[in-house]
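Visitor: I would like to learn how to read the features of a model such as this one, step by step. Could we look at it together?

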Amino acid sequence: MAGLGSLLGTLIVGLLLVGAGRRWGAWRTWGVTSALIIVLALRGFAKRAGAYPREQKAKAISAPPGLGIAGLSVVRELKFFCLDDQVMGGRSASAITASRDKGFLEFVGVINTAGGGFASCRTLDDEAPLGIPPSAQTLEVTGYGDGRQYKVMLHTADSWAMKPVWAHDFLTEPEVRTTWRLPLKDFVPTRQGRPLKASAELDLASVTGLGLSHSLYMADGRPNEHFGDGPFRLTVERMAFA
């Protein structure tokens, strides 16, 4: 029925344009047609942008046993889902896999820079604070990567809300196990991957989620020299606030 309604709507628009052409002339009709095409395209994009996060959240997976975020004041089951540049028409794709035997979390995927520029994952559930203690000064992430540069993201709202996301870069070495100690005071407020020039300090009590990202830009807005087409893989063994 939805397809039939769409077809009927298209036929009605076509008939209206034919009538407009006879009454207004070709140039004015061309302008009306262009405006209608833009409106329909924007409606389609908005519909896709709204549906995509819901689809991805439905695919969330639980973190493997033994992998949590140490140092939190609350116990919370961790579930992760991915959000990639497909929401904006890109072609990159990522996935989260959980190694049950080793207790590791793997963020893997393929970057396609044709029309896109990022892949990301983050924790599910945005309603309650993550539970970072006010005395915390650093976020420690232990794992290994592939020589690419990634970002840790601290979210203060739903993944599709336009509130600031606080980010910190870290550079990996291929297959070298590393503990990255990221000072919380150095996290940069961003929106849609771009740094905000003026913003309040990070309120740890307002952080509701944590994520990872591999994107075209670094947290401070500079181009990421360790970003490009092809596969990527980041393995996380441990996360802790200290």
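This is a predicted model: local features need pLDDT of at least 70, side-chain atom pairs count only at pLDDT 80 or more; totals for chains, interfaces and linings use all residues.

Visitor: What percentage of the residues is buried, and what share of the contacts joins residues 24 or more positions apart?

Guide: A residue is buried under 20% relative accessible area, exposed over 50% and partly exposed in between (1.4 Å probe, protein chains only); of the 242 residues in this chain, 43% are buried. A contact means heavy atoms within 4.5 Å, and among the chain's contacts with a separation of 6 or more, 73% are between residues 24 or more positions apart.

Visitor: How many disulfides does the structure hold?

Guide: In general, a disulfide is a covalent bond between the sulfur atoms of two cysteines; the criterion here is a pair of cysteine sulfur atoms within 2.5 Å. The structure holds 0 disulfides. Cys82 is in none, and the nearest cysteine sulfur, that of Cys121, is 5.5 Å away. Cys82 has a relative accessible area of 6% and therefore counts as buried, and Cys121, at 2%, is likewise buried.

Visitor: Which residues lie nearest the centre of the second largest pocket?

Guide: A pocket is an open set of points on a 1 Å grid over the protein atoms alone, with protein on both sides within 12 Å along at least five of seven lines, and its lining residues have an atom within 4 Å of a point. The second largest pocket has 15 lining residues, and Leu67, Gly68, Arg76, Glu77 and Leu78 lie nearest its centre.

Visitor: Where is His168 placed, and which residues does it touch?

Guide: His168 sits in strand E9, residues 165–171, and counts as buried because its relative accessibility is 16%. Leaving aside residues up to four places away in sequence, His168 touches Tyr150, Lys151, Val152, Leu182, Pro183, Asp186, Phe187 and Ala219. Between His168 and Tyr150 there are 18 residues of sequence separation and a C-alpha to C-alpha distance of 8.4 Å.

Methods
Residues are numbered from 1 along each chain as its sequence is written. Side-chain values use heavy atoms; hydrogens and water are left out. On a 1 Å grid over the protein atoms alone, a cavity is a set of points where a 1.4 Å probe fits but cannot get out, and a pocket is an open set with protein on both sides within 12 Å along at least five of seven lines; lining residues have an atom within 4 Å of a point. Helices (H or I, at least four residues) and strands (E, at least two) are DSSP runs, numbered from the N terminus.
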